[in-house]
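Good morning. Please have a look at the sequence and the structure on the screen, and then I will go through a few points.

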Amino acid sequence: MLRFIIKRGIALVIILFCVVTLTFFLIRLMPGGPFDRERKLPANIEKQLLIKYKLDGPLLDQYFNYLGDLLRGDLRLSTKYRNRSVNEILAQSLPVSGILGGIAFCIAAGGGVFLGAMAAANQHTWIDRTAMLGALFAISLPSFVIGPLLVLIFAIEIQILPVGGWGSLQGLILPSITLAAPYAAYIARLTRASMLEVLTQDYIRTARAKGLSEETVIYKHALRVAILPVVSFLGPLAANLLTGSIVVENIFSIPGAGGFFVNSVLNRDGFLLAGVVIVYCALLVFFNLVVDILYGFLDRRITLYD
Amino acid sequence: MIDPRSPWLTLRRNPAAVVSATILVCMALWALLGPALAPTDAGEVTRNSFLPPSSQHLFGTDLNGRDLLYRVLLGARISLFVGIFGALTSFVVGIIYGMIAGYIGGQVDSVMMRFVDVLYSIPRLIFLLVLISALDPLLRVQMERHGLQELVGYSKIILLIVSLGLTEWLTMARIIRGQVLGLKSQQFVLAARSIGQSHTNIIFQHLFPNLAGVALVYLTLTVPAVILDESFLSFLGVGIQAPLASWGLLLSDAAQVINPIKGYWWLLVFPAAAMSVTLVALNFLGDGLRDAFDPRQRK
């Protein structure tokens, strides 16, 4: 177990190192510097700026200096949002993304499992068919179709919910549903398939033969096993919510890390971009690790190795 | 050997798949021929901004007074083109990678599959955002230097196809590898080897025909995935750019101008409908194909 965690920890470091290196050099490949404006800056001012933002000197020296700063936990200054450090920007925007993602995570996992279990328990009825048809639509439609359509219906036509923005509880409803919908649908399909398989097993027949109520059989005995494939999807789910939140934050003008990420690409704001990418990748690998460990606890048949 | 026609028969008995296939063919024809049938000035910028749908402009007009129907068809063309060719690229990469890993097996297999696992854990779209905005200007410069001026406008499309193709192959590789692992221990492969056939021969003549069905299924399911990725990038302003159009770009334009005071609903509804119909149809067809060719994977 400990060996497993250590090995994955080492893998995390290697992945992060590759990601940092790739991002650093890719940004330098982009034509146009962070200080390019309509009018060219005087040479000495540009030089001062480059020194201030540690963008002077040979590329390799810059790279190793940057790695050094990263090891000290310093993500450097943003070249666009002058005088604000990347650490500061992330400290403000990540909690916003985190709250949105957390709510979406609960909706996707809870709603998906519930719908899937219900569909499986009522197989071949209209409940099953409607749920699965709805799931197929929710999987097929991207969040930038679902999001604006929800806005059009609930915020513009009936005007019961705000169009966007951050700060109110009502303002959280549409974004979190938009973000969660495709994954709730995927989880519902996953749960249904695995539940149908579990329901054919002997121990379920035994439970029914004992005279347990159908609810107890399905939600207590069957669901406990049927939920395993869903658990292994929770890692990728967290990852997808991270990526998905970029679009959703854009649609609903939410001041999360996703908006900064897109702008940093367009503004050639290298250190901010690298900062967001590092944090995203680290979170992702971390979530996957947590899910793998959790899986070992839930399903004793699985032993973790290498 | 199973009757090779039977999967197609199963497919034809699946009404959802048949309807989807018909819709997709119609959509493709419409996208190919539609813009040619439209009046020549349909794509031009005019002063008639935000006209609601009427007999003259069936889908209304956009911010720049362009006919929205024309824009949606243009978007269909580019989105479908990127989707199909991106999926084909990923298909080629995935099938080669999966076959090599599965056929050689052993250490090579485990190293190759570990590499796939690592790639899975990297946020793909986040990287594509950076990669495409870094490479696009470079590609343009290279094209101009080599006298390919007429291609410069399409550099984004080429880049999207290549980069999406080169990142969407992971699932395909895993599935093909699994199939090859199962197939290569079967007796007909042993028989082929025992009469002295070369590895190339075994791969192309014996394994390949048995993989075609499964590969086709995942090719169909990759097309909507690539279309989604393309529209994701275009929505965020890194993919297709005006005057070209893609569904993602049209939706992004719509999302920007729509607000409670000005309900330009047509800007949103028509591109969203075109995209939704196509994606749902592709997924239905993919599910139908999977049920027909690969019953064990049925969900």
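Which residues touch the most other members of the largest nonpolar core? What we have here is a predicted model, and in it the answer is A:Ile187, B:Val72, B:Leu129, B:Leu236 and B:Leu251. That core holds 154 residues.

Let me take one of those residues, B:Leu236. Leaving aside residues up to four places away in sequence, B:Leu236 touches A:Ile246, A:Val247, A:Asn250, A:Val262 and B:Leu129.

That brings us to how the chains meet. On the side of chain B, 37 residues are in contact with chain A, and 41 residues of chain A take part. Four elements of chain B each give two or more residues to this side: helix H5 (124–145), helix H10 (199–235), helix H11 (247–257) and helix H12 (265–293). H5(B) supplies the largest share, with nine residues. By residue type, the side of chain B that touches chain A has 28 nonpolar residues, eight polar ones and one charged one.

Now chain A by itself. Along the principal axes, the C-alpha atoms of chain A fill a box of roughly 85 × 55 × 30 Å. Of the 306 residues in chain A, 38% are buried.

Last, the contacts within chain A. Taking those between residues at least 6 apart in sequence, 74% join residues at least 24 apart. That is the end of my part.

Note on methods. Residues are numbered from 1 along each chain as its sequence is written. Chains are lettered from A and ligands numbered from 1 in the order in which they are written. This is a predicted model: local features need pLDDT of at least 70, side-chain atom pairs count only at pLDDT 80 or more; totals for chains, interfaces and linings use all residues. Two residues are in contact if their C-beta atoms, placed from the backbone, lie within 7 Å. Ala, Val, Leu, Ile, Met, Phe, Trp, Tyr, Cys and Pro count as nonpolar, Asp, Glu, Lys and Arg as charged, and the others, Gly among them, as polar. A residue is buried if 20 or more other C-beta atoms lie within 10 Å of its own, exposed if 12 or fewer, and partly exposed in between; C-beta atoms are placed from the backbone. A nonpolar core is a set of buried Ala, Val, Leu, Ile, Met, Phe, Trp, Tyr and Cys residues joined through C-beta atoms within 7 Å.
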